[in-house]
Amino acid sequence: MTFEDSISYLFFVLILNFFLITKISWIAKKINVYDEPDNLRKIHNTPTPLLGGLFIYINFLLLSIFFFFFDINVLINSFWISESFTIVFFILIFSIIFLIGFYDDVYSISPKTRILMLSLIIYFFIYLNDISQINNLYFISIEEIFKLDRLKILFPTFCIIILMISCNLYDGINFQSFLFYFINFCFLYYLNPNILILIIIISLLFFGYLNFKGKIFLGDSGVYFLSFILAYYFVIYFNYQFELIYADQVFLFLLFPVLDSFRVFILRLIKNKNIFTPDQNHFHHIILKRFGYKISIVILLSFNLIPVLSYFYFINPIYTLILFLFLYLSILFFSRVVKI
């Protein structure tokens, strides 16, 4: 792909996003997909369109279709898939994942049903797609390799589902999910420049602007779609060892939402509650009440940047993990216990 082609594609993406921005309210009214305030766990006061996922998905899908018909080598290089049929299969899979989330945004599906559906789809995808299977885990912190053998399909399936669930719970205040996805996709683009990852980054910038102003939310559709794409590329880049990224480094990049969701699940179990019962015990709820919105965003940004800095400064992931947990627990303790 030439420089002129790249500029043309970029220009098309920008025009598409400007068009979608102007039609957000109209689309929301037509399909009636809003996040209604409930005065319980939700902190917004007015119905807000759940169209962030649709916004990003349309960008990704249309460009994928365009490249498929006019420059399939772009998809081959971007998806790391060599056969046309497999590319179609991949597009179908991420579309189904998006549609499950979108259907849940509109009509609501029970958490167990969603998890079961997503687990089967992702397992099926990994089973048929060898490059997304994980045969070995390389840990740079302890310089050890662990062979997964029979778990090479089940392990990545489990990890992707955990990431999806955690990111769904993590999506709590404006700009929070944007920071997590934007920083991680930018890092992936650094590891290996990819036109489709660049499209996601550009789409996220437009979404982030609208989300910061409280005009649009990501929704389950966006969380599931972005989490799947993010996990897919982390697995591919790990398997191909781009810039020598290791399992414990990937773990750090995706740790924050998983850690907080795990803590909340434990608290709910202790209180004999269903683990999927909504509440305001998440990290973002706690710091928002204590520090206000602006400082909370700075705190969340800092946690998302810790793995990036650790990677670029060649810090042992174990030390980074200790620092991460120390800061996380310290802020929770200060927010809950210390009075000013």
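This is a predicted model: local features need pLDDT of at least 70, side-chain atom pairs count only at pLDDT 80 or more; totals for chains, interfaces and linings use all residues.

Mentor: Happy to! Residues are numbered from 1 along each chain as its sequence is written, and side-chain values use heavy atoms, with hydrogens and water left out.

Now to the pocket. On a 1 Å grid over the protein atoms alone, a pocket is an open set of points where a 1.4 Å probe fits, with protein on both sides within 12 Å along at least five of seven lines; lining residues have an atom within 4 Å of a point. The second largest pocket has a volume of about 730 Å³, a volume being the space filled by probe spheres set on the points, which are joined across faces, edges and corners. It is lined by 28 residues, and F155, C159, I162, F251 and L254 are the closest to its centre.

Which elements supply at least two residues each of this lining? They are β3 (136-139), α6 (154-170), α9 (219-240), α10 (247-253) and α11 (255-270). Of these, α6 gives the most, with 9 residues.

The lining divides into 25 nonpolar residues, 2 polar and 1 charged. Here Ala, Val, Leu, Ile, Met, Phe, Trp, Tyr, Cys and Pro count as nonpolar, Asp, Glu, Lys and Arg as charged, and the others, Gly among them, as polar.

Conventions:
Helices (H or I, at least four residues) and strands (E, at least two) are DSSP runs, numbered from the N terminus.
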